[in-house]
Amino acid sequence: MLYKSCVRPSKVVMANFVTVLLLIEVFAYGFRFGADGLNMNYYLMSCPFIEPVVKNTVNRALMEDPTLAAGLIRMHFHDCFIQGCDGSVLIDSTKDNTAEKDSPGNLSLRGFEVIDAIKEQLEIQCPGVVSCADILAMAARDAVFFAGGPVYDIPKGRKDGRRSKIEDTINLPFPTFNASELIRSFGQRGFSAQEMVALSGAHTLGVASCGSFKNRLSQVDPTLDTEFAKTLGRTCSSGDNAKQPFDATSNDFDNVYFNALLRRNGVLTSDQTLYTSPRTRNFVNAYAFNQAMFFFDFQQAMVKMGLLDVKDNYNGEVRQNCRKIN
């Protein structure tokens, strides 16, 4: 199959190993999924080819541009943290409303065209059936696997929200947050400190712009390795929009990110604080030395995140166009 040929064999073995463990957890979660109106087989009868449509479209996009994997995962996170997983981050601004995607914290989001392409195909096959919120959650899942991370399934049946306002994005975690602030921010959404660290591991993919970490360079930062500080300084010499990879394998889903934290090579304050703080250091150590453990905890946390404040038929809809409310 095309998508498997794009992934390193060793990483496929690791992904398949932890998948068996996840399936056990999926069954354990089953009753809660039902309570939320979500179901692993939600589209089995109404849109039976949804899985290959999403997977093949994501894989084609990532073959052309592997950096979009980080974009899709980050977009899913930014969607779920604001008003729940309801596709609100996909909505365009209008003359009467500035939407979430135009918030300073969301201006660097990428991958909207991938979601549009999936939606266009599904509207032809099964019009008015598949929500944009589900498409985004599934695309993020498939991006993780494409990049060499764990394979996992998610329940479907989310409905799309009807609200997207820039002021709501104030609740997104800031790159300058310390561990206590991160624990509080994630805790307000029901996540433990360990789950927060596991989700932060998504920074195994992607880059950060200089504007998000240059504050660490204005004075001596004892949590920042001296030589790495010089690397960040060289990056920022090209301006605030210059990009710095989070780790040395920024297109591969692995645990290199956590090993970088051990060397004080975290790019953002919110990265390095995970190792600096005694409240989270043990989790970083564990994931740095045990990639299988990181993969397992990450996929569990992603499934849990995908359940945040999901909309149903009473307070949501299935958008015809992911960029605008019906």
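This is a predicted model: local features need pLDDT of at least 70, side-chain atom pairs count only at pLDDT 80 or more; totals for chains, interfaces and linings use all residues.
1. Setting aside neighbours within four places in sequence, L122 is in contact with C47, I50, V53, P127, V130 and I135.

2. L122 also belongs to the largest nonpolar core, which has 70 residues. Along with L90, I115, I118 and F258, L122 is among the residues that touch the most other members of this core. Helix 6, residues 132–146, supplies the largest share of the core, 9 residues.

3. How do helix 8 and helix 12 pack, and at what angle? Helix 8 covers residues 193–200 and helix 12 covers residues 281–289; the angle is about 45 degrees and the axes are 10 Å apart. The two helices are therefore oblique to each other. The crossing of helix 8 past helix 12 is right-handed.

4. On the helix 8 side of this contact are A193, Q194, V197 and A198, and these meet F283, V284 and Y287 of helix 12. Sorted by class, the contact residues are 6 nonpolar and 1 polar, with no charged residue.

5. Helix 12 also packs with helix 13, residues 291–305, at an angle of about 115 degrees, and here the axes are 5 Å apart. Helix 12 contributes A286, Y287 and F289 to the contact, while helix 13 contributes Q291, M293, F294 and D297. The classes here are 5 nonpolar, 1 polar and 1 charged.

How values were computed: Residues are numbered from 1 along each chain as its sequence is written. Side-chain values use heavy atoms; hydrogens and water are left out. A nonpolar core is a set of buried Ala, Val, Leu, Ile, Met, Phe, Trp, Tyr and Cys residues joined through side-chain atoms within 4.5 Å. Buried means under 20% relative accessible area, exposed over 50%, partly exposed in between (1.4 Å probe, protein chains only). Helices (H or I, at least four residues) and strands (E, at least two) are DSSP runs, numbered from the N terminus. Contact means heavy atoms within 4.5 Å. Axes are lines fitted to C-alpha atoms, for helices over the stretch in contact, and angles run from 0 to 180 degrees between N-to-C directions. Angles under 35 degrees count as roughly parallel, over 145 as roughly antiparallel, 65 to 115 as roughly perpendicular and the rest as oblique. A crossing is left-handed if the near helix is turned anticlockwise from the far one by less than a right angle, and right-handed if clockwise. Ala, Val, Leu, Ile, Met, Phe, Trp, Tyr, Cys and Pro count as nonpolar, Asp, Glu, Lys and Arg as charged, and the others, Gly among them, as polar.
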